[in-house]
Every structure is written in structure tokens, then in C-alpha cells.
Amino acid sequence: MGQWVKLICGASYQDMPTVRRLVMLYALAGVDCIDVAADGAVVAAARQGLRDAQWLSDYLGNRSYLIPDFPWLMVSLNDSEDPHFRKADFDAARCPAECDRPCEPICPTAAIQFQSPQVGGVTTDLCYGCGRCIAVCPVGNIEARPYLANPEAFSTGHLAQIDAVEIHTQTGHQAQFDQLWQRLQPWRAHLKLVSISCPDHDQVVPYLWDLYNTMAPLGVPLIWQTDGRPMSGDLGKGTTHATIRLAKKILEAGPPGYVQPAGGTNGYTVDKLIALGLVNQASPAALLDDVQPDQLPAPQPAGVTYHDSALARARTNISGIAYGSYGRSQVLPLLDAIDQELQPWLGKNFPDQLAQGQHTSLPYLKSTASAARPPWQRLEDTALGQGLTLARQIVAQLKPEGQTSNGQTLDDPNP
Ligand code: SF4
Ligand code: SF4
């Protein structure tokens, strides 16, 4: 219906306590999907964040933060070298003593820290590969270490915890894509959605058609994520143009499937998309009115002729949007304070357990917290309230408050 919103935690981002809190905030703010690293521990942290959100929504006493549809959990994989799948690394002993360390403040996640001159380095779990430190190092001392996410590392138990997969690919990588697609066959039965993330290229349209034919028949909805300027949405207004250009190109000539911009998306993107006429302005209910149930856009088997009216409408507009570094940067400064607020309420050792790789169960939370109501009088006076407001403002740009992506409203007694 054109109101799908996804939060990208980062294909390489493995800071589990932060992932958990990001997931909690954005789930309460109404995102439809959350994209995390293909790492079992990160998936577990994200699921814990979803449970926190579900449970917290009961206590907030605020209809804005009821969760009508639980967001889907997506993991990202790469078929070949890709900037989203790399970690920065350097030997601090080789840094010139007189360097004023521009790498340290430019890192958005504080992954680079020095204890003293020429003593420090990158905390790998915090690095998501944005490359900003590499660009500012005056002597080229920082290297990017690429890696391939390994789908076989996912056990059957892990697969049961995820809903969707995203494959990062690039024009010309058909052979690598085919290989990864074959390795993903054991995943197929678990997936509700497949997303393909690809940057622009003068041959990108025929390349995506080739991928479409490789995957046909797919049997679940397919998203083309137009990866404009990767990991840049927090850098400024102009970063959004590349993804919009690519989205237009795929809408006009790309294969069937939903089109969703990412890579450089920020607070300006939806306004720009609306100005270009690429956002559905009709209410979801109005769209559904003239579509028969058997014409609904999901599931949409790849290889089927692209004819039904719902999909035809979707193809004139983007179907959703994903926020990565912009969405994270808006709430990251509040996460420590939110932890402080939640700790006395939810239990003293609550955040530490995740850092140690343990995962708090919902019954633990309930038994600990049921004796106490939230310690705040007014949610809006808390860091949690501020974080929720910021996250909600981002989500609401495409999905008005109180509306779910499947067209239900929270006030509808018979959704
Ligand atoms: S600036 Fe980016 S690439 Fe460098 S350490 Fe930080 S997150 Fe990693
Ligand atoms: S900018 Fe480069 S040389 Fe300077 S401290 Fe950082 S890694 Fe070392």
C-alpha cells in the first residue's frame, strides 16, 4: 500500500545492546521490518528487542505505541565484496605521533578509541563499515577488511527466528548471486519475503531482470531495494538523490516487485518523493476498495505476468522506504539514558546480560517488573519518550500515526 517502513540496523553492526534498544524503539514506533546482521547473536538481541517492545507497549498507556503488526525480522547477506560487509582495521603503533586523530571523532558509533597516542584501535562489533575513518586518515593507515556473510552459519533454530532475507548484489555479479541463491534453498521454506539490494549502474535494469528470472517462481513478495549512496543518510540533505534516481529507473523499467529506496534516505526523502509524485497519496482502504481479494499484492510469485491492479498501482509509486544511518543517528544519543531509565524498572542486571551473550526471557521481565509500574509520571519527560517521539516522526513521514501497512487502523473494531 506504499507505507512499508524498514529500519536498517546495519549488515555489519554487531553491538547487541544497541541493536536491542533500536529494535525496541522502532518496533514501538511502527516499522514493518527490521534488518540486522546475519549473526545468530544479533538476531537473538533483535528478537529480545521485539519482546521488550511488545511487553513495554502494554505499560505505556499510550495508543500511539500499541503494536498492531509485529515487525518482521530480516537478515542481510552479500554475494560478493560490498561496502556494507566490511570492517575497518589499523595498527595504532603505525600512526604518526603528531596525528590529531581525525578518525576518532568522525566514527558515528565511537568504534575507534585511543587510550593514548599510538595506543588504540577499532572495536570490531561497533564498526559497520561506513568508511568515513578511512577517508580522513592522512596517511592511509586504515584498511577495510571485507567478508562474506555465511548463510550456513545459521542453524534451523536461527532460521525459525527470521522472516526475511536481503541479498546485497551488484550489476555483473550474476554468477556469485546464483551461487548464493543455491545455498539459500534450505532457507526458502522459512521466508515470507525476499529483498534484493543493488546500487545503480548503466546496466542495472537488465541485471535485475536476470535476477528475477533466476528466482522465478519465488512464491513470496519481492522487494527491489534501490541502494543509492550507502550508509550516508546522516550526512546531509543531498545524500537522498541517488536512491530516488535509481527508484525511478526501476519503477519505469525494472522487473515486477516492490520498489523501496535505501542508502542515503533521511528526513528529506519522503518530501522529495511526494514532490515527484512517487508516493501513494490515497488511503490504503481506498486502494483496497477496488481490488478483489485474489488480486492482493502478496504473495507475488516471480515469473507471473504483471497484471493485477494492486501491483500495477504499486508500480507507479514506491512501496516503502528503509532508513539506516539516519534512523540510528536520531536516537543513538538517547540510548544510554533510556537504559538508565529501564534498569531500575526491569531489573538491575538487565542490559549486562546481553553484553555477556545471555538473553533475558519474557517471563523474567514480567516477574521482575510486574510488581512495579513504570517509574515516570509523564512519558514525554523521559529519554524513552523522546526516543519514541523521534522514531515515530521518522516512521510517520510515510505511515501516518495509527495506521498499519496492511490498511487497518488502530481504532478499527473489526480489523
Ligand atoms: S568510521 Fe565507519 S568504518 Fe570507520 S570504524 Fe567507524 S563505523 Fe567503522
Ligand atoms: S587518522 Fe590515521 S594516522 Fe591518524 S590516528 Fe587515525 S588511523 Fe592513525
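What we have is a predicted model, where local features need pLDDT of at least 70, side-chain atom pairs count only at pLDDT 80 or more, and totals for chains, interfaces and linings use all residues. Residues are numbered from 1 along each chain as its sequence is written, while chains are lettered from A and ligands numbered from 1 in the order in which they are written.

H1, residues 16-29, packs on H2, residues 40-60, at about 40°, and their axes are 7 Å apart. Those axes are lines fitted to C-alpha atoms over the stretch in contact, with angles running from 0 to 180 degrees between N-to-C directions. So H1 is oblique to H2: under 35 degrees would be roughly parallel, over 145 roughly antiparallel, and 65 to 115 roughly perpendicular, with the rest oblique.

Now to ligand 2. Its surrounding residues include Phe90, Cys95, Cys99, Arg101, Cys103 and Cys137, near meaning a C-beta atom, placed from the backbone, within 6 Å.

Arg101 has another point of interest: a positive phi of about 55°, although it is not a glycine. It sits in the loop between S4 (86-89) and H3 (103-106).

Met231, also not a glycine, has a positive phi of about 50°. Is Met231 buried or exposed? It is buried, with 26 other C-beta atoms within 10 Å; 20 or more count as buried, 12 or fewer as exposed, and in between as partly exposed, with C-beta atoms placed from the backbone.

How values were computed:
Helix = DSSP H or I, 4+ residues; strand = E, 2+ residues; numbered from the N terminus.
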